[in-house]
Amino acid sequence: MLLIPCPLCGKRSESEFIHGGPVGADRPDPNAVSDAEWVDYLTVAPNPLGPVQEKWWHARGCGEWLTIWRDTRTHDIVEAPDGIK
Amino acid sequence: MMVNIITIMQKYSAFSLARNALSGHRNWPLAWRSPPLKDRYDVVVIGAGGHGLATAYYLAKEFGITDVAVLERGWLGGGNIARNTVTIRSNYMRDESIPFYVKSVAMYEGLTRELNFNMMHSKRTMVDVVQTWPKLRELRRRQLVMDIYGSTYEQITTEEMRRRIPALTGGGPEARLPIICGMVHTDAGVNRHDAVAWGYARAADAMGVEIHQQIVVQSLVRGADGAIDGVETSRGTVRAGKVVVAVSGHTTTLTETAGLRLPLRTMNLTAFVSEPVQPLVDVIVNCPDSGFYFSQSDKGEMVIGGAPDMGQSFRRDIKQHVFEDTVTAMLSLFPSFKKLKLMRQWGGHLDIAHDASPIMDQTEVPGLFVTAGWWGGYKAIPAGGLTLAHLVAKGEPHPLMDSFTLDRFRHLDFVMEAGTTTAR
């Protein structure tokens with residue numbers, strides 16, 4: 001079980017959270033990019049064998065959204081939100 | 001001159017069993033060879049799992065392409081073909097999907113004879129336990145599309161379902177999610193996963209396909225013209241004008257080495273098995289609203305699966321809370337299972353595409369083919385192998401798979417199966 005570092009609550013069990021997906025690029029202006037770049041933004045997510053940046057929602061806790069870096073091979077949280085050990 | 005000695009495949013039969021019994025079973029020929037690795041083949045298939053082996057088999061059988069090497073980093077049939085719950089079914093949602101799965105189910109039913117290998121196929125029906133109205137609406141919608149393509153789906157009452165599955169004693173009027181009804185998919189069945197891997201391997205080998213285990217493919221090699229030129233492996237470079245990536249969860253790890261970006265995420269799906277008990281449940285039970293499914297194996301074990309782990313994962317183990325959630329859900333409908341002891345647990349990592357449908361295509365790197373995004377790809381092995389062999393041999397998608405190319409993403413023309421699998 002993951003212990004996910006919430007900036008408000010500290011380390012809490014993964015079962016209190018809902019996964020919000022990997023962090024991708026910011027949404028571009030569809031009129032300012034090529035079709036290929038637009039499709040890439042819509043459909044391709046980072047899928048690294050290693051640390052991935054991802055969003056979690058503390059839905060069954062305080063309701064905070066947070067971002068961590070988690071290793072997809074080990075589940076180690078390699079980077080937590082600021083101020084959380 | 002190098003001479004390839006192709007073994008004549010010994011037919012498995014009651015006669016050969018009796019004959020080998022006379023010599024104490026010491027003279028059975030090997031099921032497949034272990035030839036030395038050459039430095040060039042017509043086709044290299046990466047991954048000796050279900051899809052890789054089936055593709056190699058149909059390349060040889062249907063298209064006469066036998067200069068094929070299947071490269072496997074672990075052991076033959078040790079990946080996801082050994083890490084699923086052997087459920088074979090065709091109850092999908094989309095016009096594009098159902099004919100493919102109907103074909104695959106039919107091919108599975110003839111596979112014992114085709115490969116001369118006992119698949120222990122058991123066409124035992126799947127029953128969906130419906131506990132919410134949105135799920136019932138979704139399944140009825142599936143039923144209407146499935147009717148068109150000759151798949152089977154039929155609604156039954158809760159009473160009828162409890163008669164067919166006596167162990168289903170939970171989900172009564174006082175439950176948090178009372179059972180509404182059942183949906184029955186009579187085409188569904190189970191078989192023996194090792195037999196599928198070994199049967200395809202043995203038959204492909206007999207036609208000249210080489211299977212090489214414990215060779216790690218580290219990267220894809222492109223030629224000066226940009227086309228695929230082979231693979232870099234732990235045993236050196238192997239050249240091939242056509243390379244097939246059939247590695248499930250590690251697809252992007254490999255295709256990134258050729259500079260490709262694919263709309264795939266890798267996730268972990270787990271299953272576990274109880275101690276063997278007397279025959280108790282003779283259908284596959286699927287409980288989509290509670291989040292688990294199971295069937296009883298011929299040995300008597302309950303083979304149980306649940307929802308995937310949230311987030312991306314390349315792991316092959318099971319997380320404690322995923323396990324606990326699945327067991328809790330199961331006990332709410334099958335309280336008598338509380339007495340069962342669980343014997344084994346495992347996980348596999350598989351990739352899921354943006355629209356939860358498979359991807360089978362030649363990539364923008366000429367000669368490089370991928371088969372990926374098989375969420376529940378076990379049921380797709382025969383038709384997946386046949387259609388991929390067609391694509392590799394002819395350069396054109398098989399009609400059953402022509403909606404599943406990468407072009408659908410370029411045109412945002414998704415085949416949306418999200419929600420019809422356990423994928424969330």
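Two strands are taken to pair if DSSP finds at least two bridges between them. Strands (E, at least two residues) and helices (H or I, at least four) are DSSP runs, numbered from the N terminus. The model is predicted: local features need pLDDT of at least 70, side-chain atom pairs count only at pLDDT 80 or more, and totals for chains, interfaces and linings use all residues. Residues are numbered from 1 along each chain as its sequence is written, and chains are lettered from A and ligands numbered from 1 in the order in which they are written.

**View 1. Strands β5 and β6 of chain A.** Strand β5(A) (residues 65-71) runs antiparallel to β6(A) and is joined to it by 2 bridges. W69(A) has E79(A) in β6(A) as its bridge partner.

**View 2. The open sheet of chain A.** The order of its 4 strands is β3-β4-β5-β6, with antiparallel pairing. Because β3(A) and β6(A) (77-79) stand at the edges with a single partner strand each, one side of each is left without a neighbour in the sheet.

**View 3. The contact between chains A and B.** Here 18 residues of chain A are in contact (C-beta atoms, placed from the backbone, within 7 Å) with 20 residues of chain B. On the side of chain A that touches chain B, β3 (18-22), α1 (35-43) and β4 (51-57) each give two or more residues. Helix α1(A) gives the most, with 4 residues.

**View 4. Helices α2 and α10 of chain B.** Helix α2(B) (residues 50-63) packs against α10(B) (residues 381-394) at an angle of about 55°, their axes (lines fitted to C-alpha atoms over the stretch in contact; angles run from 0 to 180 degrees between N-to-C directions) lying 7 Å apart. Residues of α2(B) including Y57(B) and L59(B) meet residues of α10(B), among them L386(B) and V392(B).

Notes. Two residues are in contact if their C-beta atoms, placed from the backbone, lie within 7 Å.
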